[in-house]
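Biologist: Before we discuss particular features, may I see the structure and ask on what grounds each term is applied?

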Amino acid sequence: MTTEEILQKPELEHSDLIYLLGLTSKEDTNLLKELAYNIMIKNCGEQVYLRGLIEFSNYCVNDCYYCGIRKSNKNVERYTLSEEEIINSAKWCADSGYGSIVLQSGERSDDKFIELVLNLVKSIKSSTISEKLPDGLGITLCVGEQTEDTYRRFYDAGAHRYLLRIESSSKDLYQQLHPEYQSWEKRVECLKSLKRIGFQVGTGVMIGFPNQTYEHLANDIKFFRDMDIDMIGMGPYIVHNQTPMYEYSEIYNDKQKKQEIYQLALRMIAVTRIYLKDVNIASTTALQAMYAMGREAGLMFGANVIMPLLTPTDVREQYQLYEGKPCLDEFSSDCFECIQHRIESTGRKVGLDLWGDSKHFVNKSVTIS
Ligand code: 5AD
């Protein structure tokens, strides 16, 4: 079968996913991109939703082998922003037209941390209610593995979306990326808890890390479907020199290898869009770290969400999960203008003052009620 014929199939099979992830020619890749783009416009509309990303703390109890803020990295200066600083960033967001924010941090589950998150969610909700945002800012949390009870408290406080990447749907690969005490099963249980509670749930994987194959990536996409995931965030794996996985740096700092991973990340977005249709898919900062126009490219391959960085400039450098993080010395207001221009340059509209919920989630709710 030709690529064109595969793309016309009403249902893609496992072998089709693998075939599409492995496309190399420019013509074939363009066909894939066009179909993904059309499916996105049809199912999600042409708006690109914004989530202001506030990386409010880089303390972390985990030790992921790829991540620059892992607890064993003693070179990182640890910080937690003050409540006032975080709430002010959120208010700035609401005033500027962002309908939603993501509160992200390294992982902790002590009482003090949970109280901080609860206070933040409540204060941000109550202080951002206005005529244009009658229910306040949409709040997405990305603060790692917690108990179901804690997740419920976060939800009751007013957070309604949660991001927790599975990193790989293969248990074997997951264990290669993490120390033994961080278990794949636990992560899956957390995703299930989040769903039970009623969160819109986001997950995702890193693309292109050692030993990962197209087969694994095809399984990742099916995992998203089987878990009934609402939002996806995926990006290329990028080396960080203060992590155990730096041992692969020779391979990963090679120009051609980087180019291949970048292209694969774009195809992964497109194939996920074609297979899942109405989920929200983020065009992630890691794409931009690899290639200056990477996030715009992600939008052309079927992504419909962008998460501009709102972390105060003075701590951005301390939140480097990978090397080459862009916009380290820019102010939030500059990022906002820049992002609007970048989105409009792709012919899309910016979804201002909107929560921009996943259509997948909304469609389900309509069917149920
Ligand atoms: N390269 C790419 N992505 C990374 N992340 C963490 N470290 C890296 C890296 N070196 C991603 C993980 C995590 C998310 C917050 O950032 O997927 O879930």
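Modeller: This is a predicted model. Its largest pocket has a volume of about 330 Å³.

Biologist: Which residues line the largest pocket, and which of them lie nearest its centre?

Modeller: The lining of the largest pocket comprises 18 residues, and those nearest the centre are Y214, E260, I261, L264 and R267. Two elements each give two or more residues to this lining, namely α9 (214–226) and α11 (255–276). The largest share, six residues, belongs to α11.

Biologist: What makes a residue count as part of a lining?

Modeller: A lining residue must have an atom within 4 Å of a point of the pocket or cavity. By class, the lining of the largest pocket holds seven nonpolar, eight polar and three charged residues.

Biologist: How do α9 and α11 pack against each other?

Modeller: The axes of α9 and α11 are 10 Å apart, and the packing angle is about 35°. Their crossing is right-handed.

Biologist: Which residues of α9 and α11 meet?

Modeller: From α9 there are Y214, L217, D220, I221, K222, F224 and R225, which meet L264, R267, M268, V271, T272, Y275 and L276 of α11. That contact has nine nonpolar, one polar and four charged residues. Y214, L264 and R267 take part in this contact, and these residues are also among those nearest the centre of the largest pocket.

Biologist: At what angle do α4 and α5 cross, and which residues meet?

Modeller: Helix α4 (residues 83–96) and helix α5 (residues 111–127) have axes that come within 10 Å and cross at roughly 35°. In a right-handed crossing, α4 passes α5. E83, I86, I87, A90 and K91 in α4 meet L116, N119, L120, S123, I124 and S127 in α5. This contact of α4 with α5 divides into six nonpolar, three polar and two charged residues.

Biologist: What makes a space a cavity and not a pocket, and how many cavities of 30 Å³ or more does the structure hold?

Modeller: In a cavity, a 1.4 Å probe fits but cannot get out, whereas a pocket is open. The structure holds two cavities of 30 Å³ or more. About 80 Å³ of space lies in the second largest cavity.

Biologist: Which elements and residue classes contribute to the lining of the second largest cavity?

Modeller: Residues lining the second largest cavity include T285, Q288, R295, M307, C335, C338 and I339. The elements that give two or more residues are α12 (285–290) and α15 (332–345). The largest share, three residues, comes from α15. By class, this lining divides into eight nonpolar, two polar and two charged residues.

Technical notes: Residues are numbered from 1 along each chain as its sequence is written. This is a predicted model: local features need pLDDT of at least 70, side-chain atom pairs count only at pLDDT 80 or more; totals for chains, interfaces and linings use all residues. Side-chain values use heavy atoms; hydrogens and water are left out. On a 1 Å grid over the protein atoms alone, a cavity is a set of points where a 1.4 Å probe fits but cannot get out, and a pocket is an open set with protein on both sides within 12 Å along at least five of seven lines; lining residues have an atom within 4 Å of a point. Grid points are joined across faces, edges and corners, and a volume is the space filled by probe spheres set on the points. Helices (H or I, at least four residues) and strands (E, at least two) are DSSP runs, numbered from the N terminus. Ala, Val, Leu, Ile, Met, Phe, Trp, Tyr, Cys and Pro count as nonpolar, Asp, Glu, Lys and Arg as charged, and the others, Gly among them, as polar. Axes are lines fitted to C-alpha atoms, for helices over the stretch in contact, and angles run from 0 to 180 degrees between N-to-C directions. A crossing is left-handed if the near helix is turned anticlockwise from the far one by less than a right angle, and right-handed if clockwise. Contact means heavy atoms within 4.5 Å.
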